[in-house]
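Open the model in your viewer and keep the selection tool at hand. Here is a short tour, stop by stop.

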Amino acid sequence: MGEIANGHNGDWYEASEEVVAQAHIKDWKAVAEGADRDFVGFWEERAKEFIDWQAPWTKVLDDSDKPFFKWFVGAKTNIVYNAIDRHLKGARRNKLAMIWEGEKGDVRTFSYHALNREVSKFASVLKALGVRKGDRVTIYMGRVPELPIAMLAVAKIGAVHSVVYGGFSTEALHGRLEDSQSRVLVTCDGAFLNGKIVELKKIADEALKRSAAVEHVVVVRRTGHEVSMETGRDMWWHDLMGLPIADPKCPTEIVDAEDPLYMLYTSGTTGTPKAIVHTHGGYQVGIATTLKYVFDLRDDDRWWCAADPGWVTGHSYIVYGPLILGATSFMYEGAPTFPYPDRWWQMIEKYGINVFYTAPTAIRGLMRWGESWPNRRDLSSLRLLGSVGEPINPEAWRWYHRVIGKGKCPIMDTWWQTETGMFMIAPVPSMPLKPGSGTRPFFGQQADIYDEEGRPVKDNEEGFLVLKRPWPAMMRTIYNDPERYVKQYWSKYPGVYLTGDSAKRDEDGYFWIIGRVDDVIKVSGYRLGTAEIESALVSHEAVAEAAVIGLPHEVKGQSIHAYVLLRHGVQATAALADELKAHVGTEMGPIAKPEEISFVDSLPKTRSGKIMRRVLKARAQGLSEGDISTLEE
């Protein structure tokens, strides 16, 4: 990659001749123009190119019941058929599908043949436990191979998985179990992180005290420490997988393209997390296409997406996308700096990783340790780098490009959401790049930036980021709440998808994401609803009311600051602040702990009683409070 100084909005990074020559998409402008002219035709071609179908579609896009779009109507498929089954017939059968390393250095590998055996056995176990097509199964685990195996097994039999991130705590897990009405929970005795044990089984037991629907709990032994097992309900994974019920020849259930594949909870502004529903057909077309084009995956690549399978990034680009493309995917259990700050770089060297995809938070955290740690490792296998989860600041982009990519690896900065299922604004390697910009909408998509009234804003003006066309991997609804789906995403500007992010577009048509416009805080790439954190604070006996805001943080992107009104007669002390932080950690998980707690006598509210977090944010940063005419006296 060559750098050209003084382009619009700072530096341009042009793709080298070598990158363009090797790229899957060489003439990106021609592809973009063709897809723009006929976006439905573009997606139909990709569906034929990347996916095998058991029965063809009668219609590519059905938009007769907007905004409940349907894709590949009438087609029969199963994502697991494309991720595993079809690879067993040819040369990929014995190819490595997954390489896994634990925090303690233990290694496990799975060929496509071996992965199929494990997935089929666990799918048979689930059937023996009474799981049928359409049933929900909740998965709450650390980053171990059994996590993707469980996801694939659930999908294989036509059931619906609900993965809850292993960093979430009792309240979060309980709420998601209740909402999904899952009959089976798959968890671990614990997980290793930073040399410590995360007590997953203990947290699950607490959540299950209040969850009536769960009949069976399957527990993976990872840490080997003592945990309680309830007779009749709890079973060890390894015991079940050794029984005759674990048949390695479980058939893959062929489902309709529009049948649900998974639900994944994302924080909302109204307190209750909402379950985004994705389906088998369009989702697999979207993720296979975006992974192939944006990260240019090749048959001999080793791909590492350093996210957690518990988030949408892990669903799309650790579990399903790489397997559909027949890639070799690397997965790591632990923290990036344990036991030393070169752990990631050491594994890139050890396994010869070619394409590496992580969050700006991680890059900023590793930057703090300086260049000597990555420089002692051979990172020459890297060909492409990627960024996900939040906007990457130009300084971190340049460090990542220079120090990790040695100036030769283009950085694919991707913007997308749990709701979109796939990359929506992202470059391909042959495109010129600008540090900090996600470049342009993916082929076939039209994005725009609107003001409050729904008028497109001028170049370099901030506004609401919207998407103007449907896409195959889009969410289909919010589980059990179609009205909320319409209201939240499609009602502000009828017929146009509201992303909830603010952004601007420059004179070259490049998009720059600024951040959330609603009350969601993004900590280290993880979205947390202010209402959820406030609820956790108010559940403490000392707290009368709470308001939570996100403030800029150089490593985490945003940090959580809480304003707390104490109950009458309770003394504000440093010890109480620490107790409240710990309480939020217990209720929601360590990721949700406030960085700072301020005890206050009142909160800025509208006359209707809505807390004006915008005003708190402005005060905290010493900025203008803007229009406060709706503030109560």
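Select D342 and show its surroundings: W373, R376 and R377 touch D342, setting aside residues up to four places away in sequence. This is a predicted model. D342 sits in the loop that joins β19 (328-332) to α12 (343-351). Is D342 buried or exposed? Its relative accessibility is 6%, under the 20% cut-off, so D342 counts as buried.

Next, the sheet. Colour 8 strands in the order β14-β13-β10-β8-β9-β16-β17-β25. They form an open sheet with mixed pairing. Go to its edges: β14 (234-236) and β25 (477-478) each have a single partner strand, so one side of each lacks a neighbour in the sheet.

Stay at β25. Strand β17 (residues 274-279) pairs with β25 in the antiparallel sense, over 2 bridges. Which residue of β25 stands opposite I276? Select I478.

Now bring in α11. This helix packs on the sheet and touches β9 (160-163) and β16 (260-266). The directions of α11 and β16 make an angle of about 140 degrees.

Last stop: P322, within helix α11 (residues 312-324). P322 has 0% relative accessibility, so P322 counts as buried. Display its contacts beyond the neighbours within four places in sequence: Y112, L291, W303, S316, Y317, A327 and S329. Finally, draw a distance from P322 to E118, 204 residues away along the chain. Their C-alpha atoms are 18 Å apart.

Note on methods. Residues numbered from 1 in each chain as written. Predicted model: local features only at pLDDT ≥ 70, side-chain atom pairs only at ≥ 80, totals over all residues. Heavy atoms only, no water. Helix = DSSP H or I, 4+ residues; strand = E, 2+ residues; numbered from the N terminus. Buried < 20%, exposed > 50% of the residue type's maximum accessible area, 1.4 Å probe, protein only. Contact = heavy atoms within 4.5 Å. Pairing = 2+ DSSP bridges. Axes fitted to C-alpha atoms, helices over the stretch in contact; angles between N-to-C directions.
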